[in-house]
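Biologist: Before we go into detail, could you bring the model up on the screen? I have some questions about its fold and its packing.

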Amino acid sequence: MKHALSTFSQWRRLLWLLTLGAIATAAAWSWPSSNTPSAAPMTLVLLLPSAEAKAHPAAQAWIDAAHEEGLPLQTMTDDEFIRHRADQQPIAGVILPDTVHPHASDLLVNTLYQYVEAGGQLLVGFDAALFKLHHSHYAAKESRLSALVGVRYALYEGLRDHTLNTSTVQVSKDGERELGIQPGKLDFPQDPTEAWGELTTYAYEDLVYDHYRTAPLVKAVGMASSTSGPVALGKGEDKLRTWVRSQLGDTILSVHRHGQGQVMFANLPLGYLKTRTDSYLLHRALSHFGTDMTQLPRLAATPDGIGGMVLNLHVDSNSAQKPLTDLEQSGWLEDGPFSIHVTAGPHAHHDGDRLGLNVSENPWMRDFLKRQHERGHEVGNHGGWTHNVFGYQANEHNQARFEPYLERNHASISQAIGQAPKVYSAPMGNQPSWATAWLHSRGFKAFYTTADTGLGATRSYIHGKPSPYAGLWNFPISNFKRIATVDELEEFGLHEQEIRDFIVDLFAHVSDHRVVRLFYFHPATTPQYPKTMRALREQAQLLQQKNVFRWYRMADLSDFMNRRAGVRWQVQQRAGQYELQAQSPDSLDTLTWIIPAHSAKDLHITHGQGRIERHEQHWLVTAGPTPDLTVSWTPQAQHNPP
């Protein structure tokens with residue numbers, strides 16, 4: 001899969017596209033309660049115009065992202081939400097998604113105002129509710145939700161063809177902290193007084209996005225409707241916090257206090273972007289909304305809630321043989337486990353160059369791979385046989401030519417280690433959809449990707465639709481600004497100290513946030529970068545001594561994520577107490593829930609096996625070898641959903 005950015009024309013075409021049939025989702029989002037009616041489920045609600053809209057790729061993108069972030073989420077139609085509010089049933093937070101929800105009735109808009117004014121938490125996406133029901137033009141001179149989100153947008157009457165703009169986006173230092181932006185994702189200017197850094201990704205000089213032009217509320221003319229009557233649009237601008245802005249200063253991601261509640265505004269088609277393999281901001285916005293604003297527990301995407309790294313070594317030419325020997329003799333490979341992916345053919349750059357590893361005829365390499373496999377490292381395939389030929393030439397239309405490359409590589413590595421590999425990395429990130437299908441057919445569990453940079457294990461989207469291979473997980477690279485690894489430092493005029501510092505910061509980030517990320521390099525280049533190699537080893541050992549870091553193998557994490565996907569869990573509020581209930585078809589062992597410490601006290605397990613640990617910022621609830629777990633606690637000093 002190649003990284004793809006949005007265009008307005010693509011978005012408009014996708015707007016009306018509905019996939020056929022329902023898409024299966026994790027039962028955690030729709031687990032029916034067997035408790036008494038007095039128990040109210042606490043969950044995020046993804047608001048959809050109809051039940052059929054759940055099959056829309058953009059809706060599925062929000063659902064997938066919530067699952068990957070470990071947040072409880074269920075879908076609800078507009079009519080169900082309006083009835084829900086009339087019955088005064090609590091909802092932890094409401095998401096009005098982009099792309100799938102452009103139309104809305106005045107009744108729904110007024111209900112959203114009422115919900116937020118009473119203390120509700122709302123996330124408004126891009127084009128949501130801009131049109132009236134059954135109309136294809138804007139409902140008003142500006143979005144009917146402008147007073148809620150804290151900025152004026154969708155100003156078509158005044159801006160016409162300039163209503164939308166395309167530009168890079170910038171994140172403030174406050175936004176970097178509040179949203180948990182990963183080290184390396186932002187490129188701050190050399191000027192230390194500059195507080196905004198450009199969002200970056202691998203292989204793009206500039207990462208550009210479609211967004212609406214915005215204007216401050218104080219410049220608005222007229223009044224905006226509210227459930228409590230007209231509200232002057234100029235009021236409360238000091239309650240707006242903007243964390244992401246466009247190159248021209250338009251608000252891209254912000255949080256606005258309105259009444260007793262808060263509204264996050266995401267002025268990007270975040271759901272659409274996930275279907276086009278660019279979902280970093282969707283995940284960061286959703287994570288902040290679900291954990292910081294609604295203060296819900298989240299299910300960690302790591303065993304025991306311990307963060308760490310996948311270290312992916314790409315071995316694709318015979319120039320790697322001497323550096324690998326040195327790494328082994330130095331004891332560097334005694335750490336780990338690492339994920340070692342090999343291109344096995346006799347050629348590397350082009351057919352006939354004899355620069356490949358030629359694993360089948362190379363006793364040293366076969367023995368080396370066998371030793372690493374027995375040591376516990378994960379040996380996998382790095383594409384198809386001849387690295388650069390596959391990387392440059394394989395495409396969607398030449399499967400017949402290049403599938404044999406995958407087969408030969410797979411057979412060679414299987415013979416060397418005595419079993420079939422289960423993990424894969426594409427040469428140059430070139431992953432045609434037929435290659436993904438091939439991986440699935442051969443029982444692979446995971447593959448590295450140059451898309452969705454900065455995320456942990458995530459599900460694929462192929463040609464804008466969810467991958468049918470739900471058990472096969474992507475592992476995106478962790479980019480450092482516009483590069484992916486140390487090999488590219490010289491090309492971009494960067495120094496080794498910069499990426500060494502990046503590694504130290506990245507390892508601290510995964511430990512603090514209890515997530516897993518992937519970093520890769522080519523062993524052939526390691527003699528040039530001794531600081532980087534030392535940092536990888538020393539920083540890991542330092543954090544391991546504190547029991548806050550682990551090295552992970554891709555296949556193990558894939559197994560964990562598939563087991564996690566089968567867990568059914570929910571949080572309920574009853575008689576002044578919160579209760580988390582979880583079930584697994586086999587075992588909940590090592591599954592960990594993270595609960596904000598300031599929102600809960602007196603945690604205790606009322607059913608099943610597990611342990612509870614108090615940390616400075618959160619509680620960790622880790623299940624033992626049990627199929628069921630129930631945990632209760634008393635809420636404190638937190639937002640009470642209206």
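Modeller: This is a predicted model.

Biologist: How many helices and strands does the protein have?

Modeller: Both kinds of element are present in the protein. The count is 17 helices and 34 strands.

Biologist: Which residues of helix 14 are buried, and what do they pack against?

Modeller: Helix 14 covers residues 433-441, and its buried residues are Trp434, Ala435, Thr436, Trp438 and Leu439. An α-helix has 3.6 residues a turn, so residues three or four places apart point the same way. The buried residues of helix 14 pack against helix 12 (387-393) and helix 13 (399-417), and also against strand 20 (378-382), strand 21 (423-425), strand 22 (446-449) and strand 23 (461-462).

Biologist: Which residue just after helix 14 takes a positive phi?

Modeller: The phi there is about 80 degrees. The residue just after helix 14 with this value is Gly443.

Biologist: Where is Asp602, and how far apart in space are Asp602 and Thr634?

Modeller: Asp602 lies in strand 31, residues 600-607. Leaving out residues up to four places away in sequence, Asp602 touches Ser632, Trp633 and Thr634. Asp602 and Thr634 are 32 residues apart in sequence, and their C-alpha to C-alpha distance is 6.0 Å.

How values were computed. Residues numbered from 1 in each chain as written. Predicted model: local features only at pLDDT ≥ 70, side-chain atom pairs only at ≥ 80, totals over all residues. Heavy atoms only, no water. Helix = DSSP H or I, 4+ residues; strand = E, 2+ residues; numbered from the N terminus. Contact = heavy atoms within 4.5 Å. Buried < 20%, exposed > 50% of the residue type's maximum accessible area, 1.4 Å probe, protein only.
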